[in-house]
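Keep the structure in view as you read.

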Amino acid sequence: MKKTLYFIAIVLFTLTACKNVPTPEEAAIQAQMESYNLLKAEAMNVHDEIMPKMGVLMELKGELVVNEHANELSEVAVASENLKASHDAMMSWMQDYSEKFPYGEPTPDTQEALDEKLPILEQEVKEIVQLKERTMLAIEKARELLKK
């Protein structure tokens, strides 16, 4: 009985001592997968910041149109167009993003797949951050004009 217990203890010790240490390639892929997941989370966080502003954009646009004069090149017309452009850009970005990164799609797990998808995701994050800046500026300018 003691021999059996010793044998089981040795087997368990051997199994736990032989942990799988990832190769440098596996570690690199794992790091890229983590970067991919962080970028996806960043894209969605920025999206979630901007999305509630879409109603504000359209509301401000409506208020500007009511106050707009006949001059097509007025500040009000430009601000109104910037609000519309920001709204349209957000709708386009969401459609484009969802086509490239469908909801529920798993993280790429091969080097080839990561090499293909990671640059696309980096570009999408860059675009949504720029869109956020443009949207916030459009809202700020419209609010300033409505105070005049």
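Helices here are DSSP runs of at least four residues, numbered from the N terminus. By that naming, lysine 117 lies in helix H5, residues 111–147. Keep in mind that this is a predicted model.

**Lysine 117**

Is lysine 117 buried or exposed? Buried means under 20% relative accessible area, and lysine 117 has 15%, so it counts as buried. Leaving aside neighbours within four places in sequence, its contacts are Tyr36, Lys100, Phe101, Glu105 and Pro108. One of these, phenylalanine 101, is 16 residues away in sequence, and the two C-alpha atoms are 9.0 Å apart in space.

**Helix H2**

Now turn to H2, which covers residues 24–50. At 1.5 Å a residue, its 27 residues should span 39 Å, and the end C-alpha atoms are 39 Å apart, which agrees. Several residues of H2 are buried, among them Ile29, Met33, Tyr36 and Leu39. An α-helix has 3.6 residues a turn, so residues three or four places apart point the same way.

**Where H2 meets H4**

How do H2 and H4 cross? Their axes come within 12 Å and cross at roughly 150°. Angles over 145 degrees count as roughly antiparallel, so H2 is roughly antiparallel to H4. The crossing is left-handed. The table lists who makes the contact.

| Helix | Residues in the contact |
|---|---|
| H2 | Lys40, Ala43, Met44, His47, Ile50 |
| H4 | Met90, Trp93, Met94, Tyr97 |

These residues divide into seven nonpolar, one polar and one charged. Within H2, Lys40, Ala43, His47 and Ile50 are also buried.

Methods
Residues are numbered from 1 along each chain as its sequence is written. This is a predicted model: local features need pLDDT of at least 70, side-chain atom pairs count only at pLDDT 80 or more; totals for chains, interfaces and linings use all residues. Side-chain values use heavy atoms; hydrogens and water are left out. Helices (H or I, at least four residues) and strands (E, at least two) are DSSP runs, numbered from the N terminus. The expected span of a helix is 1.5 Å times one less than its number of residues. Buried means under 20% relative accessible area, exposed over 50%, partly exposed in between (1.4 Å probe, protein chains only). Axes are lines fitted to C-alpha atoms, for helices over the stretch in contact, and angles run from 0 to 180 degrees between N-to-C directions. Angles under 35 degrees count as roughly parallel, over 145 as roughly antiparallel, 65 to 115 as roughly perpendicular and the rest as oblique. A crossing is left-handed if the near helix is turned anticlockwise from the far one by less than a right angle, and right-handed if clockwise. Contact means heavy atoms within 4.5 Å. Ala, Val, Leu, Ile, Met, Phe, Trp, Tyr, Cys and Pro count as nonpolar, Asp, Glu, Lys and Arg as charged, and the others, Gly among them, as polar.
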